[in-house]
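Here's a quick tour of a two-chain model, starting with how the chains meet. Have a look at the sequence and structure first.

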Amino acid sequence: MNPNGNPLGMAGSLAKTILLLLYALFALFPLLWMLILSFKPDNEMFTTTFFFTPTLENFRAVFSESDFLGTLWNNLVVSCLAVVLSLLVGVPAAYALGRFDFKGKEDIAFTFLSFKFAPEILVIIPLYLIYQNLHLIDSTVGLVWVYQLISLPLLIWILRGFFEDLSTDMEAAAQLDGYTWWQVFFKMLLPLVKPGLVAAGLLCFIFCWNSFTFALLLGGGHTQTSTVSMMRFLASDTVHYGWVAAAALICALPEMILALLIQKHLVRGLSFGAVKG
Amino acid sequence: MTTATADPQQRRIEPPRTDLSEAGKKYARRKALRPFLVLAPSFLLTIGILIPFIVAIFYSFTDLTLRSSDFNLIGFGNFVDTLTSPDFWRSLSITLQYAFWATGVEMVLGLGIALLLNEENWLSKFLRLVLIFPLMIAPVIGALVWQLMTNPSVGILRFPLSWIGLGGFRWSADPNFALFSVLLIDVWIYTPFVVILALAGLRSLPKSPYEAALIDGGSAWFVFRNLTLPMLAPVLLVAMIFRLMTSLQEFAIIFASTKGGPGDKTLSIALAAYNQAFPFYNLSGSIPMLLFLWALIYAVCFVLIGFWRKAQKLSSGAV
């Protein structure tokens, strides 16, 4: 992996750096441009590019718009609860699918995946009618429940592979040494699958946070999420691009903070010979 | 969507793969029911999706519209209408092209970027933090920002394009490049999804095979081809399955950037179904298209899961 001493090493690492920077330009420029837009006054939106008189007017407009902060909070509550619930039921499920051999295992695993097969617009109208009967429209419980369709299949299918990669010998050895199953699970297995767990948890949070269809149709005044309320800034007759950019950046901030916070956990906890291969 | 229900007496568990001690076997036998107990909560939580799904299938045999709640059973009429319509087959072709290019480019690019980010220098460390940000912008907003950037008269990209002589490039307004322009947005948003998963996979690779390869003096390509790729294959396949599923169903990005146009150049099945259901209120007429899409995704995933099982056996078994 490390081309030290390789005559091609210098040219190789230069090429790698250039490729990485090109992709970074592609990935980050639109975000940078959004950042610029969010500080631009409306009358300079398309007349200037990089040099303009920065203003906080867009952010002020977004926050003064009725209860944008409230919808941000709703989104935080619903998305966090959805991910926590997914972790609570999904990690054990992934463990079971990854570690045990039992009849029908593959069928069950495939069924979990199949919850993602149906396009959202196919199930949304029947789901709406059912939610109406259960009085779950515009309730936190209802949204947290429907978000399981977004997060559980992803979580289970990512983690399953990580659990399968672990050697069963260590687990058995620890149990023979007198550790309870819970101790083995929390102190040994979870640290070992940590990269997968963190990546899957982050992705679940992002997809729940950005979920639009479910939140729009099954949410309502009390549970409107920021992803839905942000669209208000698009719907008016004249789109204030500065407002949209400011709202979108504020809306992405919690995701970015979460990603930065858990980044360091994207590394395996302990790794002495615990992985097969 | 099959669920195996075995007689509880017959359910048994064997210590997975390796030979455990007698105590281990006894322990495993005692816990024979555990997998089902452990799986039950997540299963009960999501199995409810079958109800709306079945209701939707029922609607496809009716003439239900969104105008009134009265409807009649009309048999297979909606299916016949859909399958005999050339528009449907054109939408199917667009959907397949979209999913193929989106998934293909994102997988290759995502894996490449993840490999570059997995190195321990300051640039990789910094970019690991920020390169996943595009995924965090809501797809509708991401599409809007790209529309704005590529706008031929006010978009910021008109400057670099005019420097290389492409000043008149019209992006998604040009029928020949509309699909390309939408795909570019999809790639921008979802490549980080592959990057995150590939990085997590790379981060959890065992060290010892690499040390052995280093001693043997294998080239970087040899190590990648024979060690990294086989061990990474399961997580890459999971990423690919999820990308294929969502790109076959993609709605938000296409709707926000082109609404299916110009003409029907980017009118995928999801968009066509939406157009049937909402502007034309023909709800039941839109369902056969979506069921067809469902069946397609089912078949594709069925095949890919087969590959996944093989790859997983290879990577978690003897390497």
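How many residues of chain B are in contact with chain A, and how many of chain A with chain B? In this predicted model, 94 residues of chain B touch 91 residues of chain A. On the chain B side, helix 14 puts in the most, with 12 residues.

| Class | Residues on the chain B side |
|---|---|
| nonpolar | 76 residues |
| polar | 12 residues |

Now for the inside. The largest nonpolar core runs to 170 residues, and the ones with the most contacts inside it are A:Leu159, A:Ala248, B:Leu197 and B:Ala198. Take A:Leu159: leaving aside neighbours within four places in sequence, its contacts are A:Val91, A:Ala94, A:Val193, A:Gly196, A:Leu197 and A:Ala200.

Helix 13 of chain B, residues 269-277, is another spot to check out. Eight of its nine residues are buried, so the helix is mostly covered. The buried set is B:Ile269, B:Ala270, B:Leu271, B:Ala272, B:Ala273, B:Tyr274, B:Gln276 and B:Ala277. What covers them? From chain A, the cover includes helix 5 (120-134). From chain B, it includes helix 5 (86-117), helix 11 (220-249), helix 12 (252-257) and helix 14 (283-316).

Zooming out, chain B is divided into domain 1 (7-44) and domain 2 (85-316). Going by C-alpha atoms, the centres of those two domains of chain B are 38 Å apart.

How values were computed. Residues are numbered from 1 along each chain as its sequence is written. Chains are lettered from A and ligands numbered from 1 in the order in which they are written. This is a predicted model: local features need pLDDT of at least 70, side-chain atom pairs count only at pLDDT 80 or more; totals for chains, interfaces and linings use all residues. Domain bounds come from an automatic or database domain assignment. A nonpolar core is a set of buried Ala, Val, Leu, Ile, Met, Phe, Trp, Tyr and Cys residues joined through C-beta atoms within 7 Å. A residue is buried if 20 or more other C-beta atoms lie within 10 Å of its own, exposed if 12 or fewer, and partly exposed in between; C-beta atoms are placed from the backbone. Two residues are in contact if their C-beta atoms, placed from the backbone, lie within 7 Å. Helices (H or I, at least four residues) and strands (E, at least two) are DSSP runs, numbered from the N terminus. Ala, Val, Leu, Ile, Met, Phe, Trp, Tyr, Cys and Pro count as nonpolar, Asp, Glu, Lys and Arg as charged, and the others, Gly among them, as polar.
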